[in-house]
Amino acid sequence: MATARDVADRAGTSTATVSYVFNNGPRPVAAATRQRVLEAAAELDYKPNAVARALSAGRSFSLGLLIPQVRNPFFGTLTEHLETVARAHGHLLLIGDSAGDPAQESAHIGSFIERKVDGVVLVSLLAEPAIRRFSSAGVPVVALHPVPDGVTVSTLSIDYVAAAEAAVDHLLSHGYKTLAVLTGPEDSPGTAQHRAGVERALQAHPKVTVRYQAGPVSRFAARDAVQAWFQQKRPPRAVYCATDEQAFGVLFAAWAAGLRVPEDVAVMGVDGTDECAVTIPPLASVRQPVEEIARRAVDVLLAAPDREAARVVLDYELVPRTSCGCSA
């Protein structure tokens, strides 16, 4: 098995330089020298000892990802991109799926802290307690959703208020007069922003009546939430969902009730996952730049530890499709 000394001999450098290359510091290495070291390592099939590397650098070379439900297509896609970016930076991605359970989320937080991860990408059920625990343990966090006022932590997200306003305004531009709104739980991050965006959109459509339903972010919960509405003589003419995951459940519930989409009920989601293009009918949605979110989240976490908390607002894209009433 090749050693750091073998790599150094082949590259014509010192073992310290080899260490600097694979630990990304603490001293800079010239680009040409770095390339020689990497080529020598590849020729010798050299793999640095992960434990020794961590002890030497004072880091675990691991990042945590805490999400509400990994089977949600948006979070599945986010996980894929984060894993790719983390690996490119020499880090292992550890995934904590809270499954919508605050107790399970709390257990994952404890595990990440115990394992001394170098940072956490957070999509929390209850943001403030999670952020407070990570902060007390000195673990950098980037939250992918709004955080309560006064909470000092890096955030990275689209403007949910503006996105909800744009989506609902587009949905109602088709002339629908009744609207139903599905969001996550009342106290979950982002719910207030979605509702604020809906209310702003309704100012341009004063004759529209609206009803709200908060609940778990699940296609099954969304299906159950709208079943009673869809059995009414006059069901809501349009439904705005805070996530694609919920919108998928609404599409199924409409089909089960014998309602046509969009002829009887129009549907709009948020996240813009690839699955939207293959639902029946194709789902209109607000697309989040998930690949950019993953890249920038890792950049924020691996920046200098004394760097000020970042507030990054990313662009979104409204993607009209058949489900909202637009032609294919």
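User: If contact means heavy atoms within 4.5 Å, which residues does Asp159 touch, not counting residues up to four places away in sequence?
Analyst: With those sequence neighbours left out, Asp159 touches Val313, Leu314 and Tyr316. The model is a predicted one, in which local features need pLDDT of at least 70 and side-chain atom pairs count only at pLDDT 80 or more, while totals for chains, interfaces and linings use all residues. Residues are numbered from 1 along each chain as its sequence is written, and side-chain values use heavy atoms, with hydrogens and water left out.

User: Why does Asp159 count as partly exposed?
Analyst: Its relative accessibility is 35%, and because buried means under 20% relative accessible area and exposed over 50%, with partly exposed in between (1.4 Å probe, protein chains only), Asp159 counts as partly exposed.

User: What makes Asp159 a cap of the N-terminal end of H8?
Analyst: Asp159 lies in the loop between strand S5 (154–158) and helix H8 (160–172), where helices (H or I, at least four residues) and strands (E, at least two) are DSSP runs numbered from the N terminus. A side-chain oxygen of Asp159 lies 3.1 Å from the backbone nitrogen of Val161, and the side chain also reaches the backbone nitrogen of Ala162 at 3.1 Å. Polar contacts are pairs of N or O atoms within 3.5 Å; within protein, one must be able to donate a hydrogen and the other to accept it, and residues adjacent in sequence count only if both atoms are side-chain atoms.

User: What makes the pair of Phe74 and Phe75 edge-to-face, and what makes the pair of Phe252 and Trp255 tilted?
Analyst: Rings of Phe, Tyr and Trp (its six-membered ring) pair if their centres lie within 6.5 Å, and planes under 30 degrees apart count as stacked, over 60 as edge-to-face and the rest as tilted. The structure holds two such pairs. Phe74 and Phe75 are 5.5 Å apart centre to centre with 65° between the planes, hence edge-to-face. For Phe252 and Trp255, the centres are 5.5 Å apart and the angle between the planes is 45°, which makes the pair tilted.

User: Why does Trp255 count as exposed, and why does Phe252 count as partly exposed?
Analyst: At 64% relative accessibility Trp255 counts as exposed, whereas Phe252, at 42%, counts as partly exposed. Both residues lie in helix H11 (residues 244–256), three residues apart, about one turn of the helix.

Notes:
Contact means heavy atoms within 4.5 Å.
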